[in-house]
Amino acid sequence: MSHSRKVIAQVNVSIDGYSAGTPDDGMGGMAFLQEHASHEQMSTYFEGVWRGADTAVMGRTNYEGFHGFWPSVVTSPDASPRDRDLATWLDTVEKVVFSTTLEKAEWRNARVAKQDLETEIRELKNAPGRDILVLNSASVIRALIAADLLDELRIAVLPAILGGGLRLFEGNPPYSTWRLDGACTLTTGALVLHYVRP
């Protein structure tokens, strides 16, 4: 009996619900994440997520940010073995980018989705492979929740109040219920929550 692949979203948010700050906050609004992303505990946790996936899904902004940073880490002598492993995974994994402005994805094994999000994700779910991982892209996560296509939501709540930027949940998302499948507190003060659809 065949089972469809799970669609898992990994997202980092501030205490006040932003997945990215304003451009003035540094690193394209992601400066609040830097201390936590490089921490050993967070790296270990995230490794447990990405190793189970063989397709990465992201929006244009995250695609450009990841592409601008991670390819050089693959061969960097200064990078930790875990970061090089993540960089290698990102470099080699199938990457599907949702964008209305990007015409071509230059990164190896990356492509811009030609179909609407629902059609593309349904086809990916029914194709052979391991899990599909959505990388911190709020607009994609919101659309997947609205279409009832998201199976797991992994939220890392970081101890920062940004006061502005990109909210994970803009507007009024449709009602849905989730079951808490796990939670842990990192020594950086981040709280990691793992929700699944019941």
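What is the accessible surface of the protein, and what percentage of this surface belongs to carbon and sulfur atoms? In this predicted model, the accessible surface comes to about 10,200 Å², and carbon and sulfur atoms account for 52% of that area. Of the 198 residues, 45% are buried.

The protein contains six helices and 10 strands. Its C-alpha trace spans about 40 × 40 × 35 Å along the principal axes. The radius of gyration is 16 Å, which agrees with the value near 16 Å that a compact globule of 198 residues would have. Among contacts between residues at least 6 apart in sequence, 70% join residues at least 24 apart. The protein carries 19 positive and 25 negative charges, whose mean positions are 5 Å apart.

A search of the whole structure finds three aromatic pairs. One of them is formed by Trp-50 and Trp-89, with a centre-to-centre distance of 5.5 Å and an angle of 40° between the planes, and is tilted. Trp-50 belongs to helix α2 (residues 40-50) and Trp-89 to helix α4 (residues 81-92), so this pair ties together parts that are 39 residues apart in sequence. Trp-50 is buried, because its relative accessible area of 3% is under 20%. Trp-89 is also buried, with a relative accessible area of 9%.

Phe-69 and Trp-70 form an aromatic pair of the edge-to-face kind, at 5.0 Å centre to centre and with 85° between the planes. Within this pair, Phe-69 is partly exposed, at a relative accessible area of 47%, whereas Trp-70 counts as buried at 14% relative accessibility.

Conventions. Residues numbered from 1 in each chain as written. Predicted model: local features only at pLDDT ≥ 70, side-chain atom pairs only at ≥ 80, totals over all residues. Heavy atoms only, no water. Helix = DSSP H or I, 4+ residues; strand = E, 2+ residues; numbered from the N terminus. Rg over C-alpha atoms; globule rule 2.2 N^0.38 Å. Buried < 20%, exposed > 50% of the residue type's maximum accessible area, 1.4 Å probe, protein only. Contact = heavy atoms within 4.5 Å. Areas by Shrake-Rupley, 256 points an atom, 1.4 Å probe, with all protein chains shown as cover. Lys, Arg positive; Asp, Glu negative; His and termini not counted. Charge placed at Lys NZ, Arg CZ, Asp CG, Glu CD. Phe/Tyr/Trp six-rings, centres within 6.5 Å; stacked < 30°, edge-to-face > 60°.
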